[in-house]
Amino acid sequence: MTGGWVLVDDLDARPGSPLDAAGQMAADLAMLDTVAAGGPPSLRIYQWSPPALSLGRFQPDDDVDHAACAARGVEVVRRPTGGRALLHGGDVTYAAAFPQPPGDTGRVDAIYEWLAGGLIAGLALLGVEAAVARNEGPAGPVCFAGQQGADLRVGERKLCGSAQVRRGGAVLQHGSVLLARLPFDELDLVHARPGDLPIDEARARLRAATVTLEELGAPVQPRRVAEALVEGCSRALDLQFTSRVVSSGT
Amino acid sequence: MNLPEELRYSAEHEWVAVEGVRARIGITDFAQDQLGDVVYVELPTVGANVLAHASCAEVESTKSVSEIFAPVSGTVVEVNDALGDAPEQVNGDPYGAGWIFVVEMADAAEVDALLDAAAYRALVEG
């Protein structure tokens with residue numbers, strides 16, 4: 001699984017590019033389908049512009065306050081992967097597609113742990129000491145409000161959330177590393193549910209449960225963060241990148 | 001790994017219990033262990049026609065979505081609605097309360113092409 005990887009560098013895709021939120025998910029799925037069809041594994045790095053709220057594959061659509069999203073210029077897109085709502089725009093996102101390893105190394109949690117090794121090594125290059133999060137079980141409608149073994153934390157606070165989809169013998173895992181906070185968060189974009197905390201209290205808890213590279217005093221330049229993540233995966237996972245491309249914007 | 005001898009198995013990690021012309025289907029103990037805690041099962045639709053080895057349902061576990069394949073062709077005649085409230089049954093009792101759907105088989109001979117417990121064990125243990 002370590003040889004012949006393609007690095008898809010989409011970091012500089014900007015407004016007006018074909019890669020709107022739906023395009024980003026289509027590009028990730030295209031990587032998965034390529035691997036399922038026998039193509040090479042790939043690692044893609046990108047950002048979202050304009051901001052987007054991505055929903056988990058089976059998350060109810062009525063979790064989303066579409067009017068609030070529209071008012072803030074936030075696109076709404078459904079991920080092919082599991083998990084809950086995640087606001088993109090202040091993050092760097094990675095997506096890795098590769099054949100599902102055999103036996104125990106192909107377990108969902110084993111793959112999270114394997115890729116975490118690369119991400120943790122990359123974050124260490126930025127002076128950040130991250131660790132795999134504890135599994136708190138299923139969360140509410142907002143991804144970053146809870147931690148699972150798929151995620152990375154610094155201290156007790158979540159810095160990176162990831163999710164997977166498996167299809168045709170291939171795995172796609174993508175995840176989001178928080179660089180800095182936007183002027184709004186997921187709680188402004190999802191509907192409150194009966195019994196939820198008052199929004200100010202919920203927001204205080206969300207902020208306390210999460211941390212950004214900016215708040216850690218680490219570099220936040222997307223290019224530098226992306227290069228660190230790629231280098232971390234290359235070193236810790238022994239990924240050999242044999243080509244570097246830019247997505248054509250599927 | 002629990003592999004009941006009376007069941008047949010697919011290479012995509014489903015089990016089949018033949019009940020006359022019907023096949024009760026779920027995912028294997030190996031598969032549920034690979035997935036981890038199941039939090040949601042997207043069931044097929046009753047009345048839908050399914051093709052052997054084609055995707056017909058999905059399962060979510062630990063933020064991971066995986067396909068469930070039909071081991072045999074036919075018409076879905078029953079689904080396990082109880083998984084809506086208790087998807088963890090797929091982990092806790094994969095061959096019992098964790099069953100997922102029942103197919104009325106179009107060609108019962110397709111069962112013969114599935115694996116027995118020993119062959120499936122050999123497949124997953126490499």
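## A tour from the interface inward

Start by selecting Lys63(B) and Asp151(A): they form a salt bridge whose closest N and O atoms are 2.6 Å apart. Bear in mind as you zoom that this is a predicted model. Asp151(A) sits in the loop between strand S7 (131-132) and strand S8 (152-154) of chain A, and Lys63(B) in the loop between strand S6 (55-61) and strand S7 (64-69) of chain B, so this pair joins two chains. Now colour the two residues by accessibility. Asp151(A) is buried, at 1% relative accessible area, and Lys63(B) counts as buried too, at 6%.

**Widen to the interface.** Four salt bridges run between chain A and chain B, and 15 residue pairs are in polar contact across the interface.

**Colour by confidence.** Chain A has an average pLDDT of 91, and 93% of its residues score at least 70. Among the elements of chain A, S6(A) has the highest mean, 98, while S11(A) has the lowest, 89.

**Next, helix H5(A).** Select residues 222-237 of chain A and check the length: 16 residues at 1.5 Å a residue should span 22 Å, and the end C-alpha atoms are 22 Å apart, which agrees. Which residues of H5(A) are buried? They are Val225(A), Ala226(A), Ala228(A), Leu229(A), Val230(A), Gly232(A), Cys233(A) and Leu237(A).

**Step off the end of the helix.** Asp238(A) follows H5(A) and lies in the loop between H5 and S11 of chain A. Its phi is near 60°, a positive value in a residue other than glycine. Asp238(A) is partly exposed, at 42% relative accessible area.

In chain B, centre on His13(B), which has a positive phi of about 80° although it is not a glycine. His13(B) is in the loop between strand S1 (8-9) and strand S2 (14-19) of chain B. Back in chain A, the peptide bond from Ser49(A) to Pro50(A) is cis, with omega near 5°; Pro50(A) belongs to the loop between S2 and strand S3 (52-55) of chain A.

**Finish with salt bridges.** The structure holds 23 of them over all chains. Pick Asp9(A) and Arg244(A), whose closest N and O atoms are 3.1 Å apart. Asp9(A) lies in strand S1 and Arg244(A) in strand S11 of chain A, so the pair ties together parts 235 residues apart in sequence.

Last, select Glu215(A) and Arg181(A), a salt bridge with closest N and O atoms 2.6 Å apart. Glu215(A) is in the loop between helix H4 (199-209) and H5 of chain A and Arg181(A) in the loop between S10 and H4 of chain A, so this pair ties together parts 34 residues apart in sequence.

Methods: Residues numbered from 1 in each chain as written. Chains lettered and ligands numbered in written order. Predicted model: local features only at pLDDT ≥ 70, side-chain atom pairs only at ≥ 80, totals over all residues. Heavy atoms only, no water. Helix = DSSP H or I, 4+ residues; strand = E, 2+ residues; numbered from the N terminus. Expected span 1.5 Å × (residues − 1). Buried < 20%, exposed > 50% of the residue type's maximum accessible area, 1.4 Å probe, protein only. pLDDT = per-residue confidence, 0-100. Salt bridge = Lys/Arg side-chain N within 4 Å of Asp/Glu carboxyl O. Polar contact = N/O pair within 3.5 Å; in protein donor to acceptor, adjacent residues only side chain to side chain.
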